[in-house]
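Notebook open, structure loaded. I wanted to look at the packing inside the protein, then at what surrounds the ligand.

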Amino acid sequence: MLKPNMNYGNLKESYLFYGISQKINEFLEKNPGEKLLRMGIGDVSLPLCEEVIKALHTAVDDQSERARFHGYMPECGAPFLRNTIAAHYNKRGVAVTENEVFISSGASDELGDILDLFDRSSSALVIEPAYPAYVDANVMAGRRILHISSGEENGFLPEPDKNVCADIIYICSPNNPTGAVYDRSGLKKWVDFANESGSVIIFDAAYEAFIEDDSLPRSIFEISEAKTCAIEICSLSKTAGFTGTRLGYTVIPEDLTRSGMNLNGMWVRNRTTKTNGVSYIIQKGGAAVFTAEGQKQIKASIAYYKENAKIIMRALDKLGITYFGGRNAPYVWMKCPFGMTSWEFFDCMLNNIKIVGTPGSGFGSCGEGFFRFSSFGTREDTAEAASRMLTFLKQ
Ligand code: PLP
């Protein structure tokens with residue numbers, strides 16, 4: 001009799017998103033037609049920029065002509081895009097070669113797939129509160145998971161702890177959900193820790209484009225000696241509105257080896273077996289993000305979301321409510337007022353002022369008492385939500 005992967009039985013129900021949709025449904029049953037301000041979404045509200053749309057149209061036309069048609073694409077990514085992304089790093093003074101860049105269909109796919117590089121007996125360290133996919137992908141593989149809690153006391157940026165060491169270390173900076181960003185010295189401590197212990201850091205840089213403070217690292221490879229201990233996973237989802245178009249990239253240094261195995265070479269082997277490459281059309285659209293005009297246009301969209309974050313932060317400032325993130329990240333992580341739990345505050349916002357956010361406790365127990373606002377909504381909804389909060393919470 002076939003034995004399925006029994007580790008799936010150890011997955012926890014996605015209580016967070018299931019719980020949120022249950023509560024929204026109940027509310028709408030009681031209040032039919034009521035408009036909710038959805039401030040919890042991690043999806044973008046602005047369309048792709050013009051430069052990307054132009055490139056996508058041209059690529060579609062390429063596929064209609066025999067001379068310009070593209071069939072299977074190289075498994076690790078089209079050279080034009082790998083080159084462009086390496087050059088984008090180099091322009092910022094980060095030494096990355098074309099062979100170190102792998103094109104993916106997005107960070108989620110890659111966060112799961114990349115675990116093929118590691119033995120199932122290896123352990124994983126997750127800094128909480130955390131994006132739930134890190135835990136779930138490792139539970140599916142049957143790995144042992146260790147947790148480090150973070151909180152207000154360390155600004156949600158904990159330092160490594162010799163007593164809590166694992167083979168795979170997840171670092172998300174700017175962080176989802178807390179919006180906290182490691183500075184160079186904070187990240188260097190993790191790099192040194194990983195090099196000393198032989199661990200590998202999976203650096204989730206999905207929100208790097210939101211960093212506006214130049215002193216903060218946008219890539220782990222800005223930190224010396226990171227090339228012998230880190231893999232960087234990036235996404236165009238929030239950077240350029242590719243949530244539904246799907247494109248990301250991963251950097252695996254050629255210097256990254258463990259137990260005599262080269263992880264870059266292993267990933268080439270993995271990709272040439274497990275994918276036939278990302279769509280030519282989408283890769284062409286992705287390349288347009290890195291042109292001068294593309295960069296100008298995506299920065300305008302990011303500025304729009306940042307203004308949304310400012311609107312939320314201004315309201316919280318006026319209310320005297322403590323929060324983290326928002327400045328170098330698209331998420332504002334606020335402390336629930338009046339000692340409310342995350343779910344109590346969720347109910348309070350939904351039932352009184354029809355705002356939906358994300359309860360912090362859904363990202364790990366140390367997120368209890370916090371609430372996440374996303375800045376990816378429309379300006380109108382964000383401004384209306386801020387105004388309702390100001391009026392309601394002042395009382
Ligand atoms: N990593 C983090 C921290 C995220 O918040 C998300 C999406 O919200 C992803 C990865 C997934 O990104 P993608 O759309 O590229 O799959």
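**Cores.** I started with the largest nonpolar core, which has 50 residues; I171, W190, I201, I220, F242 and Y249 touch the most other members. By nonpolar core I mean a set of buried Ala, Val, Leu, Ile, Met, Phe, Trp, Tyr and Cys residues joined through side-chain atoms within 4.5 Å. Buried is under 20% relative accessible area, exposed is over 50%, and partly exposed is in between (1.4 Å probe, protein chains only). Helix α6 (residues 184–197) gives this core its largest share, five residues. I also noted a second, separate core of 41 residues, with L16, W333, F345 and L390 among them. As a general point, nonpolar side chains tend to be buried together in soluble globular proteins.

**Ground rules.** This is a predicted model, so I kept in mind that local features need pLDDT of at least 70 and side-chain atom pairs count only at pLDDT 80 or more, while totals for chains, interfaces and linings use all residues. Residues are numbered from 1 along each chain as its sequence is written, and side-chain values use heavy atoms, with hydrogens and water left out.

**W190.** Which residues does W190 touch, not counting those up to four places away in sequence? I found L125, I127, I148, P158, E159, P160, I169, I171, Y182 and I201. Contact here means heavy atoms within 4.5 Å.

**Ligand.** Next I went to the 15 residues around the ligand, where A107, D204, Y207, S235 and S237 come nearest. To be near, a residue needs a heavy atom within 4 Å of the molecule. I sorted the shell into seven nonpolar, five polar and three charged residues. Nonpolar covers Ala, Val, Leu, Ile, Met, Phe, Trp, Tyr, Cys and Pro; Asp, Glu, Lys and Arg are charged, and the others, Gly among them, are polar.

I then checked ligand oxygen atoms. One is 2.8 Å from a side-chain N or O atom of R246, and a polar side-chain atom of K238 lies 2.9 Å from a ligand oxygen. Alone, the ligand exposes 400 Å², and the protein buries 91% of that. Helices α4 (107–113) and α7 (237–240) each give two or more residues to the shell, with α4 giving the largest share, three.

**S235.** I finished on S235, which sits in strand β7 (residues 230–235). Is S235 buried or exposed? S235 is buried, at 5% relative accessible area. A polar side-chain atom of S235 lies 2.9 Å from the backbone nitrogen of S237. Beyond four places in sequence, S235 contacts A107, A206, L247 and G248.

Notes: Polar contact = N/O pair within 3.5 Å; in protein donor to acceptor, adjacent residues only side chain to side chain. Areas by Shrake-Rupley, 256 points an atom, 1.4 Å probe, with all protein chains shown as cover. Helix = DSSP H or I, 4+ residues; strand = E, 2+ residues; numbered from the N terminus.
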